[in-house]
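Morning, everyone. Let me walk you through one structure. Have a look at it first, then we will go through it piece by piece.

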Amino acid sequence: MTEKTQFFTGFEGEQKLQLESGQLLGPITQAYDTWGTLNAQKDNAILVCHALSGDSDAAGWWPTVIGPGKAIDTEKYYIVCPNALGGCKGSTGPSSINPETNQPYGTDFPVITVADMVHAQRALMDELEIPKWKMVTGGSMGGMQALEWVALYPDLVQSCAPVAATGQVSPQSIAFDAIGRTAIVTDPAFNNGHYYGSEGPHKGLATARMIGHVTYLSEQSIDDKFGRKLQEKTEYGYHFDTDFQIESYLKYQGDKFVDRFDANSYLYLTKAISYFDLPKKYGTMDTAFESSKARFLVIAITTDWLYTPEQSKAVVKSLMHLNKDVTYVEIDSHYGHDSFLIENEDLSDSIRLFLENV
Amino acid sequence: MSQHIRPFLKRISELTPDNSRVLDLGCGKGELLKTLRDRRSINGYGVDIDVKNVKECIRNGISVYQGNIVEALTEFQDQVFDTVILSHTLQEIYEPKKVLNEMLRVGKKAIVTFPNFGHWRIRLNLVLSGHSPRTKTLPYEWHNTPNIRVITIKDFRRLCKESGIFIEIEEPYFRSKWIRTILPKWTYNLFSTKGLFVLKK
């Protein structure tokens, strides 16, 4: 959240949101940030969706792409980025107060999906009086939201640019998320999700983050950055404390994460990711995109083994099969999944040039 | 614009109906598709493996698939394009027969151009110097050329015949412009530096 973060509460009273699970949720608050101004024609609005651990401060986590004169130019476009439903950065999630009990929801919060996030964003779109998105974009889980937007609201999306995403989360990434969730729920401090007011499952969450972080890197980037180098020593310690630099780095990432993220949100958001499967939901990938009128820019990273180029290509191939307007770009970067957050000229150029032609 | 596209452009443009849907394999910076779009209002789609080219296509407003030609071709349904173009790329392709058949599966018509290795100067060069052919149109050394296929006009005709592909138009290229010639066809392979074929199934 930033100083200028705004809040919108909808789905109040009887107008609750029917979730994909069938459960009802309301009211729903969404924290969101905006940049630029909506023009008179109201045709310059761009929705940016964040990844698992992101927030509404898109210019903060995607400074290589969003800003004045950047690919998504804050001087040209009206950019909206909401914190995802289920998150812990201002939007309604498991750490929010349940109006029925006046206590935090904890694990009484209903399980949500990527489509539920999108439905909530649809209400925000109305609130901001945006008739159509010029583009919906985002990386990783943000890219999944972008694809779901096109599937759910084909008439409201002029162009869609998923980056390092997938239309069907692979069993391998489900596996890593499952390990992360297990680390959290088996932490003695988890207390079945009702840990607010006490320390909470910090060890479990830190471990989950360590596992997640490995999946965001690549073999080569770990090699380049750390190799087998030892941490502040020249010889093995012959104990179970930190020996290697990579160990120390992951431990640091894990510890840093618990200060800024809620363990329950981690459970809910990774579950939403695990459930994300357009072919299952719509019958086939083609059916998901059939009614879309959007132009697509699908971007994959060569070394991304979490959401691989092959998975992006499955989306692209479906769109090609449907004769839709799709451009596929494969960014050659050795930083793995995280490459989308790192300065890369090909990535930002592709988005900028694509947007100029939408 | 790449030097090999320019002489073909006018002719390809003439051969492309207005408002048709065109696929360009090995589209480079998308110049051909852009020109066809501006002149003929075509709806174009490109395939190229080089990200620098792909970015130029995006700049030109041309939708493009970054990757392998065969991989891209197999994703399209039958006959979704009016014209599929393979301009000066055939000599770089591993599976030319498969590509030609796929082109005519996804497209109603294929336009193929390639440098003719049967040209008399290339033949003479090989005989006299003993070196692998190098000319203005084929400037590479044998060890660094992307041109893995040595094609002559005569060979290409035979490949089409074997593959059951009908040659609708065949045009030779003399002295920097296409001319309809009264010369017999056997002379094309000797005197033409490039071949242009319009194919159907």
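Start in chain A. Helix α2, residues 114–127, packs against helix α3, residues 141–152, at an angle of about 70°, and their axes are 9 Å apart. So α2(A) is roughly perpendicular to α3(A). The crossing of α2(A) past α3(A) is right-handed. Keep in mind that this is a predicted model.

Which residues meet there? From α2(A) come A:Val114, A:Ala115, A:Met117 and A:Val118. On the α3(A) side they meet A:Met144, A:Gln145, A:Glu148, A:Trp149 and A:Leu152. By class, that contact of α2(A) with α3(A) has seven nonpolar residues, one polar and one charged.

Next, the contact between the chains. Chain B puts in 15 residues and chain A puts in 18. On the side of chain B that touches chain A, two elements give two or more residues: α3 (51–59) and β3 (63–66) of chain B. Of these, α3(B) gives the most, with five residues. By class, this side of chain B has seven nonpolar, five polar and three charged residues.

Now chain B as a whole. It has eight helices and eight strands. How does its radius of gyration fit a compact globule? With 201 residues, such a globule would come out near 17 Å; chain B has 16 Å, so the two agree. Along the principal axes, the C-alpha atoms of chain B fill a box of roughly 45 × 35 × 30 Å. Buried residues are 41% of the 201 in chain B. Last one: take the contacts in chain B with a separation of 6 or more. Of these, 65% join residues 24 or more positions apart.

Technical notes: Residues numbered from 1 in each chain as written. Chains lettered and ligands numbered in written order. Predicted model: local features only at pLDDT ≥ 70, side-chain atom pairs only at ≥ 80, totals over all residues. Axes fitted to C-alpha atoms, helices over the stretch in contact; angles between N-to-C directions. Helix = DSSP H or I, 4+ residues; strand = E, 2+ residues; numbered from the N terminus. Parallel < 35°, antiparallel > 145°, perpendicular 65-115°, else oblique. Left-handed = near helix turned anticlockwise from the far one by under 90°. Contact = placed C-beta atoms within 7 Å. Nonpolar A, V, L, I, M, F, W, Y, C, P; charged D, E, K, R; others polar. Rg over C-alpha atoms; globule rule 2.2 N^0.38 Å. Buried ≥ 20, exposed ≤ 12 C-beta atoms within 10 Å, placed from the backbone.
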